[in-house]
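Have a look at the model first, and then we can walk through them together.

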Amino acid sequence: SQYLFLGGDFQSINVIADKLECDRNGSVEVKEWMKDGGYSYYRAGTGAESAWPYPARPTNSDYLQIPPELIAMLDRFLAEFNAADANTSGASSDSMLIVRMIRYFNNRFKYSLEVNRPPEQEPVTYFLSTSRQGHCELFASAMTLLLRRQGIPARYVTGFICEEKHPYGNYYVSRLGNAHAWLEAYPRDLGRWELVEPTPPSGVPNFHHKWGLTEQWGDRFSQLMRETLALLRRGVVA
C-alpha cells in the first residue's frame, strides 16, 4: 500500500521517501517510498487509541453528506429507533445518542459474514431494513449515515486493529484477520472527534491467537531481520 497505517493521534513520521501527503482526514500517502527502510510514527503518550483530531471544528458539509435516495429509508429507521427507546428521542446530547445507537445495534442486529443481498438492492438499505445482519463495513457505513442524518459529523474509517503482543518480542502483531471498519464522529457536546465502534463484540477481530513454538520464533526472527534491514537502509548501523 502507498498509505501508512497510523494511529489517529500521530504527531510525526520517520520514513525514507520523497514526499508525504496528508489529507484533512489523516490519510498519509507516500511518494517514492523505500519500503525496506520501514517507517515509525510517534505519538504523545501510550494511552488508548484516539481519533484523528482534525478538522478541529468540522463545518464542511462533507461530513454530513447523504445520498438523497437513502434519506427516506434512514428516516424510517430512525423513527423505529426512537420508538423502541423512548429516551432516545429526548436525548440530551450527541454522545448519549451515540451510546444508545450502539446499544441498539448490539441488541437487535447480528454480526455475519454471509450477506446474501439481492444485486439490485443498495447494501445499507438491505442491511437496515431487511437482513439486520452483516459485517463491520455495513455496521460502520450505516451508523455513519444515521449520525449524519441527525446532524452529527461522521466519517467512515478502515484499518487494522493491533492489540496482540508477541509472546517474547517487544512488539505487537497485526494480521489480515485484524482488518476492520469503524467510524469517527464529532459529538457536538464534546467538541472533539471520537472513535465509535458499532459492530457487535462478536464481529471485532479476536486478538487471542494461540502461538505455536515454531511460529513464535519464526516471527521473531523475521521481525529482527526486517528491523535490521530498516536500520541499515536508514544508516543507523553499517
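Let us begin with a strand pairing: Lys 19 stands opposite Lys 31 in E3. Strand E2 (residues 17-22) runs antiparallel to E3, with 5 bridges joining them; two strands pair if DSSP finds at least two bridges between them. Together E2 and E3 form a hairpin with 5 residues between them, and in the turn Gly 26 has a positive phi of about 85 degrees.

A word on the basis: this is a predicted model, where local features need pLDDT of at least 70, side-chain atom pairs count only at pLDDT 80 or more, and totals for chains, interfaces and linings use all residues. Numbering starts from 1 along each chain as its sequence is written, and side-chain values use heavy atoms, leaving out hydrogens and water.

Here are the strands mentioned, as DSSP runs (E, at least two residues; helices are H or I, at least four), numbered from the N terminus.

| Strand | Residues |
|---|---|
| E2 | 17-22 |
| E3 | 28-33 |
| E4 | 39-43 |

In the loop between E3 and E4 you will find Gly 38. Leaving aside residues up to four places away in sequence, Gly 38 touches Asn 14, Val 15, Trp 33, Ala 230 and Arg 234 (contact means heavy atoms within 4.5 Å).

Now to the helices. H1 (residues 71-84) packs against H3 (residues 94-108). Residues of H1 including Phe 77 and Phe 81 take part in the contact with H3, where Leu 97 and Tyr 104 are among the residues met. By class, this contact of H1 with H3 has 8 nonpolar, no polar and 3 charged residues (Ala, Val, Leu, Ile, Met, Phe, Trp, Tyr, Cys and Pro count as nonpolar, Asp, Glu, Lys and Arg as charged, and the others, Gly among them, as polar).

Terms used. Axes are lines fitted to C-alpha atoms, for helices over the stretch in contact, and angles run from 0 to 180 degrees between N-to-C directions.
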